[in-house]
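Reader: I have a protein model open and would like to learn to read it. Where should I start?

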Amino acid sequence: MLSWSAITDAVVFTADQGYNTGHHGVWGKGNGTWPFNMYEESIRVPMIWNHPGRINPGQVLRPMVSSYDWFPTILDWTGVTPPPASKDRPGRSYADFLRGKNPRWQNRLYFEYSMVRAVRTENMKLIMRTKDWESELYDLEADAGETKNHITNAAYSKQRAALATDLERFFHRAGAPPLENWRTTTKQDLTVYSR
């Protein structure tokens with residue numbers, strides 16, 4: 001385990017969500033639209049690690065990581081043994097990347113916001129909503145601006161099905177209730193929603 005002074009020398013800069021500043025005609029984050037959005041500008045956040053003597057400065061690391069990866073990463077980075085219950089949490093440690101290693105890593109992220117869940121790979125994003133609102137599928141390689149929704153495009157049916165299965169499996173493993181139950185599991189005053 002690291003000494004306390006070695007741990008306190010680490011600085012991590014990040015945020016809890018992105019922000020649209022006119023992107024897609026939106027001013028705000030994921031709840032800047034109705035229904036809520038999962039645009040890249042809403043979900044991407046900065047992350048900068050600085051730990052003098054332990055992280056080489058000037059690196060740009062490429063793994064896709066999420067806020068749910070923070071807990072296992074900080075435990076790993078500080079040498080703290082995870083509590084037994086943490087094995088059931090989503091997330092994985094990316095500390096080996098900070099150490100200059102290149103471990104195997106699946107670039108796939110999951111998101112949830114009230115009545116919307118999403119999975120993002122390096123080149124695709126599936127956004128699933130309840131039956132009340134249209135879902136979305138974007139080919140981020142061909143359309144980084146997320147302007148063409150392929151959710152009903154037959155040419156993308158295999159990708160859509162695989163991503164939908166993966167998304168459902170992730171949230172089931174995490175113990176999340178079905179998406180359709182969002183009205184009873186979300187603790188938000190959504191006055192716009194009048195049903």
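**Reading the model step by step**

Author: Start with the elements. This protein has 6 helices and 8 strands. Keep in mind that the model is predicted.

Reader: In what order do the elements of the protein run from the N terminus on?

Author: Read along the chain and note each element in turn. Here the order is α-β-β-β-α-β-α-α-β-β-β-β-α-α. For the overall extent, take the C-alpha trace: about 55 × 35 × 35 Å along its principal axes.

Reader: How many of the 195 residues count as buried?

Author: Burial is judged by relative accessible area, and buried means under 20%. In this protein, 37% of the 195 residues count as buried. Look at helix α3, residues 70-78, for an example. T73, L75, W77 and T78 are buried there. Just after α3 comes G79, with a positive phi of about 80 degrees.

Reader: Which residues touch the most other members of the largest nonpolar core?

Author: A core is built from buried nonpolar residues whose side chains are joined by contacts. The largest one here has 28 residues, and M38, Y110 and L137 touch the most other members. At least two residues each come from β5, β6 (116-121), β7, β8 and α5. Helix α5 gives the most to this core, with 4 residues.

Reader: Now the rings. How many aromatic pairs does the structure hold?

Author: Check two things for a pair: the distance between ring centres and the angle between planes. The structure holds 11 aromatic pairs. Take W34 and W133: their centres are 5.8 Å apart, with 90 degrees between the planes. That pair is edge-to-face, because planes over 60 degrees apart count as such.

Reader: Where do W34 and W133 lie?

Author: W34 is in the loop between β3 (27-28) and α2 (40-43), and W133 is in the loop between β7 (124-129) and β8 (136-139).

Reader: Is W34 buried or partly exposed?

Author: W34 is partly exposed, at 32% relative accessible area. W133 has 16% relative accessibility and counts as buried.

Reader: What is the geometry of the pair F97 and W105?

Author: F97 and W105 are also an edge-to-face pair, 5.5 Å centre to centre and 85 degrees between the planes. F97 is buried, with a relative accessible area of 7%. W105 counts as buried too, at 18%.

Reader: Which residues do ring pairs link into a cluster?

Author: Follow the pairs from ring to ring. They link W34, F36, Y113, W133 and W182 into a cluster.

Reader: Which rings have the charged ends of R89 and R92 over them?

Author: For this feature, look for a charged end placed over the face of a ring. The charged end of R89 sits over the ring of F71, 4.4 Å from its centre. That of R92 sits over the ring of W105, 3.8 Å from its centre.

Reader: What is the volume of the largest pocket?

Author: Ask about volume, then about lining. The volume is about 1400 Å³. Among the 46 lining residues, V45, P46, M47, V65 and S66 are the closest to the centre of the pocket. Elements that give two or more residues to the lining are α2, β4 (47-50), β5 (108-113) and α5 (157-173). Strand β5 gives the most, with 5 residues. By class, the lining has 27 nonpolar, 12 polar and 7 charged residues.

Reader: Next, the backbone. Which residues does a cis peptide bond join?

Author: Check omega to find such a bond. Here the cis bond joins W34 and P35, with omega about 0 degrees. P35 is in the loop between β3 and α2.

Reader: Which residue other than glycine has a positive phi near 50 degrees?

Author: That residue is S114. It is in the loop between β5 and β6. S114 is buried, with a relative accessible area of 8%. H24 is not a glycine either, and its phi is positive, about 60 degrees. H24 lies in the loop between β2 (20-21) and β3. At 30% relative accessibility, H24 counts as partly exposed.

Methods:
Residues numbered from 1 in each chain as written. Predicted model: local features only at pLDDT ≥ 70, side-chain atom pairs only at ≥ 80, totals over all residues. Heavy atoms only, no water. Phe/Tyr/Trp six-rings, centres within 6.5 Å; stacked < 30°, edge-to-face > 60°. Buried < 20%, exposed > 50% of the residue type's maximum accessible area, 1.4 Å probe, protein only. Lys NZ or Arg CZ within 6 Å of the ring centre and 35° of its normal. 1 Å grid on protein atoms, 1.4 Å probe; cavity = no way out; pocket = protein on both sides within 12 Å on 5 of 7 lines; lining within 4 Å. Points joined across faces, edges and corners; volume = space filled by probe spheres on them. Nonpolar A, V, L, I, M, F, W, Y, C, P; charged D, E, K, R; others polar. Core = buried A, V, L, I, M, F, W, Y, C linked by side-chain atoms within 4.5 Å.
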